Amino acid sequence: MSDKYAAKQVVRAPEAQPHLDLDKGQETQPWGTLTDLPISLGENVRAQSIETLNQVLADTITLRDMYKKHHWQVSGPTFYQLHLLFDKHYGEQNELVDTIAERISGLGGVQVAMAPDVAEMTMIRRPPKGRENPAKQITRLLEAHRHILAEAREGAKIAAESGDDGTNDLLVSELIRLHELQVWFLSEHLVSARLD
Ligand SMILES: [Fe+2]
């Protein structure tokens, strides 16, 4: 190093320094805790809805990702239409993921977000890493839809009974209606199809 640089005085601005040390600081809201938001809904009701929504969220993220897997791995004479259909449903489920996650924030909760945490929570059966034929792909998707629809119907009923109209509306108007439509579009592909 030349003398010119060694002589230079560096003045630091600690208040303006971005925090770059990941090992410093703590999470601001741990998993499973509630914050209080002025939405005139009791904390027990909100806690119940958050639990329901987190399970639905973990399963919706899994279904969404299964659509993308199938979009990439589909094969056969119906390749192009299924390639497009799977991606359309992926996009719709992705919007649903955001809606559910932000509803959990709106209730004062913490949402499951990262893949390892989702994998621990989801009730959707794990597909193999490899490729499957289109009929098997669709059957697998339908099983996931059926599972999420069952838990959403139950969750919607509980939310309605406890007075959480917002969660009930989300589950009925956005989730259930979308799933029913996607189930129809998938199911029609299985008429006269074989599983192997
Ligand atoms: Fe693509």
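In the protein, 76% of the contacts between residues at least 6 apart in sequence join residues at least 24 apart, where two residues count as in contact if their C-beta atoms, placed from the backbone, lie within 7 Å. The structure is a predicted model, in which local features need pLDDT of at least 70 and side-chain atom pairs count only at pLDDT 80 or more, while totals for chains, interfaces and linings use all residues. Residues are numbered from 1 along each chain as its sequence is written.

The secondary structure consists of six helices and zero strands, with helices (H or I, at least four residues) and strands (E, at least two) taken as DSSP runs numbered from the N terminus. The radius of gyration of the protein, taken over C-alpha atoms, is 23 Å, whereas a compact globule of 196 residues would have a value near 16 Å by the rule of 2.2 Å times the number of residues to the power 0.38. Along the principal axes, the C-alpha atoms fill a box of roughly 80 × 50 × 25 Å.

Of the 196 residues, 27% are buried, meaning that 20 or more other C-beta atoms lie within 10 Å of a residue's own C-beta atom, again placed from the backbone. Beyond its neighbours within four places in sequence, I104 is in contact with I50, L53, N54, L57, G109 and Q111.

Definitions and conventions. A residue is buried if 20 or more other C-beta atoms lie within 10 Å of its own, exposed if 12 or fewer, and partly exposed in between; C-beta atoms are placed from the backbone.
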